[in-house]
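Please look over the sequence and the structure shown here before reading on.

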Amino acid sequence: MRSSGVHHVDLVVSSIERSLPFYTQLLGPLGFHTVSQVEGERGETIWYIGGPGSAVGLREALSKSEPYDRYRVGLHHLGFEADSRAQVDERAEWIRTQRVEVESEPQEYTYIPGYYAVFFYDPDGLKLEIVHVPGLVAA
């Protein structure tokens, strides 16, 4: 039986040319292997990167805006599940090769026993997380 969960999240980015390669390369090792396009409600192209039970949509901003502030109303951060601590570490290595800010290196947090994560920012300053919690990933 399929579980209920988040089907997709759409993110608005300043440059699809910069963000699409970033997200496909970031998420590919986490199982997000399909990329498709659909037309949005304003005629814009939305690029969906499909993964295990969910997808991330990217669409380019249609208007200028202030730099992203995660403490305004909206998304604070987006976390992606990893199969293992080693996968968190591997993604952190890749993240360090990108021109993005790492907020905190991979480490354990006290949220849940075994919670191991790296926090960083995408090219537009959206806070992202790669996390592994033992026992939460289905085999």
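## Overall fold

The model described here is a predicted one. In the protein chain, the secondary structure comes to two helices and eight strands, and these elements follow one another along the sequence in the pattern β-α-β-β-β-β-α-β-β-β.

As for dimensions, the C-alpha trace spans about 45 × 35 × 30 Å along the principal axes of the protein chain. The radius of gyration is 15 Å, which agrees with the value near 14 Å that a compact globule of 139 residues would have. Of these 139 residues, 40% count as buried. When contacts with a separation of 6 or more are considered, residues 24 or more positions apart account for 50% of them in the protein chain.

## The two helices

Helix α1, which covers residues 16-27, packs with helix α2, residues 85-96, at an angle of about 155°, and the axes of the two helices are 10 Å apart. Since angles over 145 degrees count as roughly antiparallel, α1 and α2 are therefore roughly antiparallel to each other. The crossing of α1 and α2 is right-handed.

On the side of α1 the contact is made by Phe22, Gln25 and Leu26, and on the side of α2 by Arg91, Trp94 and Ile95.

## A residue in a strand

Isoleucine 46 is found in strand β3, and this residue is buried, with a relative accessible area of 3%. Leaving aside neighbours within four places in sequence, isoleucine 46 is in contact with Asp10, Ser36, Gln37, Val38, Gly40, Gly57, Leu58 and Arg59. The C-alpha atom of isoleucine 46 is separated by 7.9 Å from that of glutamate 60, a residue 14 residues apart from isoleucine 46 along the chain.

## Residues in loops

Glycine 28 has its place in the loop between α1 and β2, the strand of residues 34-39. With a relative accessibility of 15%, glycine 28 counts as buried, the cut-off for that class being under 20%. If residues up to four places away in sequence are not counted, glycine 28 touches Tyr23 and His33. Glycine 28 and isoleucine 49 are 21 residues apart in sequence, and their C-alpha atoms are 8.9 Å apart in space.

Proline 52 lies in the loop that runs between β3 (45-50) and β4 (55-60), and at 59% relative accessibility proline 52 counts as exposed. Not counting residues up to four places away in sequence, proline 52 touches Leu30, Gly31 and Phe32. Between the C-alpha atoms of proline 52 and histidine 8, which are 44 residues apart along the chain, the separation is 11 Å.

Serine 84 is found in the loop between β5 (77-81) and α2. At 27% relative accessibility, serine 84 counts as partly exposed. Serine 84 and proline 134 are 50 residues apart along the chain, while their C-alpha atoms are separated by 7.7 Å.

Key. Residues are numbered from 1 along each chain as its sequence is written. This is a predicted model: local features need pLDDT of at least 70, side-chain atom pairs count only at pLDDT 80 or more; totals for chains, interfaces and linings use all residues. Side-chain values use heavy atoms; hydrogens and water are left out. Axes are lines fitted to C-alpha atoms, for helices over the stretch in contact, and angles run from 0 to 180 degrees between N-to-C directions. Helices (H or I, at least four residues) and strands (E, at least two) are DSSP runs, numbered from the N terminus. Angles under 35 degrees count as roughly parallel, over 145 as roughly antiparallel, 65 to 115 as roughly perpendicular and the rest as oblique. A crossing is left-handed if the near helix is turned anticlockwise from the far one by less than a right angle, and right-handed if clockwise. Contact means heavy atoms within 4.5 Å. The radius of gyration is taken over C-alpha atoms; the globule rule is 2.2 Å times the number of residues to the power 0.38. Buried means under 20% relative accessible area, exposed over 50%, partly exposed in between (1.4 Å probe, protein chains only).
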